[in-house]
Amino acid sequence: MSRRSSRARDEAPGPSGFVVVDKPAGWTSHDVVDEARRWFGTQRVGHLGTLDPQATGVLPLALRDATKLVSFVPADPKVYRGVVRLGVETDTLDGDGEIVRRHDGPLPDEAAVRKALDAFVGEHEQVPPMYSAVKQGGVPLYRLARRGEEVERAPRKVRIDASRLLAYRAPDVEVEFTCSPGTYVRVLAAELGARLGCGGYLQALCRLASGPFELAQAASPDVLAAEAERGDLAARVLRPVAALGMPALRLGAEDARRVLNGAALPQGGTVRAVGERVAALDPTGALLAILEVAPDRRLRPLRVLRPVAGGS
């Protein structure tokens, strides 16, 4: 038996699914994962998208068998509310860095800020910041940056769907961005300052949404720890099918057995397009597998989960 299988067998029983944590400032995403392993009694916990330590807000976690589903959960869109402080630039592009330049002249008016923000909407190429987890030559960029090194980084295409000014109280610009996964809001803050000619950095950031997960679903670590003490955490776990955003198909016992053995199924009466994905449920309603319509129009298993007691 593999070490992974042994850990899964020995872990405390509990539900598989997703939990949304309201990450506090100062915590890394891995800090949250480590705490969640204690709360839920399992080592099988992963997060769906890193947040910088300074940032707060939506950090979705996958528990137990739901860790196998992370790649199937929509990551788009991301929604952030942030504060950009104009007139100052830092080496990390946020408030955790060292100040590298101050602007001595007047700050722009609100009309100029609105015009600059409107220009962000659309597709752009964005260069990842040096203080990021992006790897170059197998080494995270932030490690190079801490050694005083700066290397050339390949730009990445990002998409800004909305850029909304919430408030402007100079020098602070409160803004909300709706954007594609992989967008660095720190870079947007620095670009806003550059476009306005005064510089700027990201002073605060809260993620409001990540794919299907929203801040209204989130709980703080303090709340989750207290619920763990009371044994009330199961109610926090979101059903995998709800997060996947794909049609569900409940199987009979024989078809469920075939899927568990890796066999394809006929579509039956529903005609689906090639490449469409379906969440297959066992006869009890528990999520069994992710199926995809193959070129021969049969439903072939993409990811099969071991049977789990409880709902889907």
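Is aspartate 172 buried, partly exposed or exposed? At 21% relative accessibility, aspartate 172 counts as partly exposed. The notes below concern a predicted model.

1. **Strand S11.** This strand spans residues 172-179. Six of its eight residues are buried, so S11 is mostly covered.

2. **Neighbours of S11.** Strand S4 (residues 78-86) pairs with S11 in the antiparallel sense, over eight bridges. In that pairing, valine 79 stands opposite threonine 178. Strand S10 (residues 156-169) also runs antiparallel to S11, and eight bridges join the two. Here arginine 169 stands opposite aspartate 172. S10 and S11 form a hairpin, with two residues between them.

3. **Arginine 85 and aspartate 172.** These two residues form a salt bridge. Their closest N and O atoms are 2.8 Å apart. Arginine 85 lies in S4 and aspartate 172 in S11, so the pair ties together parts that are 87 residues apart in sequence. Arginine 85 is partly exposed, at 26% relative accessibility.

4. **A pair within helix H2.** Arginine 37 forms a salt bridge with aspartate 34, and the closest N and O atoms are 3.3 Å apart. The two are three residues apart in H2 (residues 29-40), so about one helical turn separates them. Arginine 37 is partly exposed at 26% relative accessibility. Aspartate 34 is partly exposed as well, with a relative accessible area of 36%.

5. **A pair within helix H3.** Arginine 114 forms a salt bridge with glutamate 110. The closest N and O atoms are 3.0 Å apart. Both residues belong to H3 (residues 110-118); they are four residues apart, so about one helical turn lies between them. Arginine 114 is partly exposed, with a relative accessible area of 41%. Glutamate 110 is partly exposed, at 35%.

6. **Salt bridges overall.** A search of the whole structure finds 18 salt bridges.

7. **Cysteines.** The structure holds zero disulfides. Cysteine 179 is in none; the nearest cysteine sulfur, that of cysteine 206, is 13 Å away. That rules out a disulfide for this pair, because the sulfur atoms would have to be within 2.5 Å. Cysteine 179 is buried, with a relative accessible area of 0%. Cysteine 198 is buried too, at 1% relative accessibility.

Key: Residues are numbered from 1 along each chain as its sequence is written. This is a predicted model: local features need pLDDT of at least 70, side-chain atom pairs count only at pLDDT 80 or more; totals for chains, interfaces and linings use all residues. Side-chain values use heavy atoms; hydrogens and water are left out. Buried means under 20% relative accessible area, exposed over 50%, partly exposed in between (1.4 Å probe, protein chains only). Two strands pair if DSSP finds at least two bridges between them. A salt bridge is a side-chain nitrogen of Lys or Arg within 4 Å of a carboxyl oxygen of Asp or Glu.
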